[in-house]
Amino acid sequence: MIILILSWILIFTGIFLCFTAVLGLLRLPDLYTRIHAAGISDTYGVGLVVFGLILQTGISLISFKLIFIVLLLWYTSPISSHSLLKAAYQSKLLPALKDEEKST
Amino acid sequence: MFLIACIAILVIMLLIVVRAFYGPTVYDRILAVNVFGTHAILLIALYGYLTNRPEFLDLAIVYTLINFTGVLSVLKFIDKLNKFNEEGESV
């Protein structure tokens, strides 16, 4: 019973982190900051939800498949984020800097 | 309870589509599609638990790989397109 409640807490925390990441994706000012916000949902959004599902099913073939999904995602999402960033930088996309004249 | 989680992820995916629509550069749209694919993997796994069918996890594994390969292919295509526009030669 405790394991069931803990797994639901983990699943809903993971979904809340995904929502936070998407909120950052909508509101942040520049591409480079949005890539950072998207990385949150790739690692901890999926990780917490899948860990909650593993706690619910116990040790079986299903939990091995879930661990496999998470490992694949954790290995490949930094590669795609880095490639996107490098392609954006090489096509001369400048980051949005704060104006120094406005702050004084 | 799985139904509530699935509906929450569907609402989140709708917000990601808004970013894919508005993004001023093409890289914003590629990023939105990548994040949309990651949430689709979550949705497939939760839907498998909702309908009590463990076969949906195989689909999630396959879609992880397809999402990754698709983003890298689109980036390579856009890189070649940018070089073609700059130099004026066929790549």
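The model is predicted: local features need pLDDT of at least 70, side-chain atom pairs count only at pLDDT 80 or more, and totals for chains, interfaces and linings use all residues. Residues are numbered from 1 along each chain as written, chains are lettered from A in the order in which they are written, and side-chain values use heavy atoms, without hydrogens or water.

For A:Cys18, the nearest cysteine sulfur belongs to B:Cys6, 13 Å away. A:Cys18 is buried, at 2% relative accessible area, and B:Cys6 is buried at 6%. Here buried means under 20%, exposed over 50%, and partly exposed in between, with a 1.4 Å probe and protein chains only.

I turn now to helix H3 of chain A, residues 61-90. Helices are DSSP runs of H or I with at least four residues, numbered from the N terminus. H3(A) reaches 44 Å from first to last C-alpha, close to the 44 Å expected, which is 1.5 Å times one less than its number of residues.

Finally, which residue with a positive phi follows H3(A)? That residue is A:Lys92, with phi near 60°; A:Lys92 is exposed, at 63%. In chain B, Asn52 also has a positive phi, near 60°. B:Asn52 sits in the loop between helices H2 (26-50) and H3 (56-87) and is exposed, at 68%.

How values were computed:
Disulfide = S-S within 2.5 Å. Helix = DSSP H or I, 4+ residues; strand = E, 2+ residues; numbered from the N terminus.
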